[in-house]
Amino acid sequence: RAEKRFMVSDVKRTSDGSFIIMDIACGRGTALSCLSPGTHIFIRPAGCERYYDVPLSVLRADHTSGVITVCFRVISAKTKALAECRAGCDVIVRGPYRNGIKGLPRGLYGKNILIAAAGAGVAPAVHAAGLLAAHNDIEIALCDAKTAEHEIVDGYLRDSIPVSDVHMCSYDDEISTENEGADLCGGADLFYRKLHENSFDTYILLGSTGFISSAAERVREYAGYDKNVIIAVSNNSVMCCGEGVCGACGCVGAGGGRVPGCKCAEALF
């Protein structure tokens, strides 16, 4: 995909300063091409070398105004450089790519979907919920959530569909099995109870590798290993360059050849 130069139209932070939210004026065509769950782009400040590319999930795509929104936390040199961009600055964008969520079939209709998100997984969660809510019942579970995650969900889902219609619940503790067998009072236990008491047929797990591994295993247990249950996970755990070039995500396929994990269309767990 060719690199394109776009202008940053707005930059703001969540109230606690943990997330930077950036609006990019990209035109209606690019915004329309981002209307798919799991869409992400590679972005860097204009004037920086290509190795400053940062893969970011699309938080919102407004095709009427031609603006896409991304959010990120400052972690390393790449995100620090991007955080220095202000409204009016130019950025280089490559994409969009649509394999940010593995294992999610196209054309979901009439499904009862639980989207569980932790940390930066809130961005693809909001985007997926806004796109899927028209034809499915959606519930968002924010795990280990802080004020910023709640602000993002409330502020950016409300524009497309009321948060109350999506139904959001929050769990304050990270997914863990350490408290299993104790009273159902901790955040993790509440999340497991939610899995046990509700008959979801589709689970979308978005967050860190540790969060996905633990949550996916628990989903399998409560779903009774039903092959008809859909479990989709975010692609960040195997993505590095996103182009299949660096080899960091490589794994050996069934035929013995090396397969770039960032290009796989199905979940790898």
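This is a predicted model: local features need pLDDT of at least 70, side-chain atom pairs count only at pLDDT 80 or more; totals for chains, interfaces and linings use all residues.
Modeller: Two strands count as a pair if DSSP finds at least two bridges between them.

Colleague: How many bridges join strand 4 to strand 5?

Modeller: Strand 4 (residues 54-62) and strand 5 are joined by four bridges. Pairing needs at least two, so the two strands pair. They run antiparallel and form a hairpin, with four residues between them. Gly66, in the turn, has a positive phi of about 70°.

Colleague: What makes strand 2 a partner of strand 5?

Modeller: Six bridges join strand 2 (residues 20-25) to strand 5, and this pair is antiparallel. Because at least two bridges are required, six are enough. Within strand 5, Cys71 is the bridge partner of Ile21.

Colleague: Why is strand 5 called largely enclosed?

Modeller: A residue is buried when its relative accessible area is under 20%. Six of the six residues of strand 5 (residues 67-72) are buried, so the rest of the structure largely encloses this strand. Val67, Thr69 and Cys71 point one way from strand 5, while Ile68, Val70 and Phe72 point the other way; all are buried.

Colleague: Why is the ring pair of Phe42 and Tyr97 called edge-to-face?

Modeller: The count of aromatic pairs comes to three. For Phe42 and Tyr97 the ring centres are 5.5 Å apart, within the limit of 6.5 Å, and the planes stand at 80°, over the 60 degrees required, so the pair is edge-to-face. Phe42 belongs to strand 3 (residues 40-45) and Tyr97 to strand 6 (residues 90-97), so the pair ties together parts that are 55 residues apart in sequence. Both residues, Phe42 and Tyr97, are buried.

Colleague: What sits over the ring of Phe42?

Modeller: The charged end of Arg94 sits over the ring of Phe42, 4.6 Å from its centre. The distance limit is 6 Å, so this value falls within it.

Colleague: How many cavities are there, and what lines the largest?

Modeller: One cavity of 30 Å³ or more is counted. The largest cavity has a volume of about 40 Å³. Its lining consists of Gly38, Thr39, Ser57, Val58, Gly100, Pro124 and His127. Strand 4 and helix 3 (122-132) are the elements that give two or more residues to this lining. The lining residues divide into two nonpolar, five polar and no charged.

Colleague: What makes helix 3 mostly covered?

Modeller: Nine of the 11 residues of helix 3 are buried. Among them are Pro124 and His127, which also line the largest cavity.

Colleague: Why does Ser36 count as partly exposed?

Modeller: Its relative accessibility is 22%, which lies between the limits of 20% and 50%, so Ser36 is partly exposed. Ser36 lies in the loop between helix 1 (28-32) and strand 3. Ser36 and Val58 are 22 residues apart in sequence, and their C-alpha atoms are 9.5 Å apart in space.

Key: Residues are numbered from 1 along each chain as its sequence is written. Side-chain values use heavy atoms; hydrogens and water are left out. Rings of Phe, Tyr and Trp (its six-membered ring) pair if their centres lie within 6.5 Å; planes under 30 degrees apart count as stacked, over 60 as edge-to-face and the rest as tilted. Buried means under 20% relative accessible area, exposed over 50%, partly exposed in between (1.4 Å probe, protein chains only). A charge sits over a ring if NZ of Lys or CZ of Arg is within 6 Å of the ring centre and within 35 degrees of the ring normal. On a 1 Å grid over the protein atoms alone, a cavity is a set of points where a 1.4 Å probe fits but cannot get out, and a pocket is an open set with protein on both sides within 12 Å along at least five of seven lines; lining residues have an atom within 4 Å of a point. Grid points are joined across faces, edges and corners, and a volume is the space filled by probe spheres set on the points. Ala, Val, Leu, Ile, Met, Phe, Trp, Tyr, Cys and Pro count as nonpolar, Asp, Glu, Lys and Arg as charged, and the others, Gly among them, as polar.
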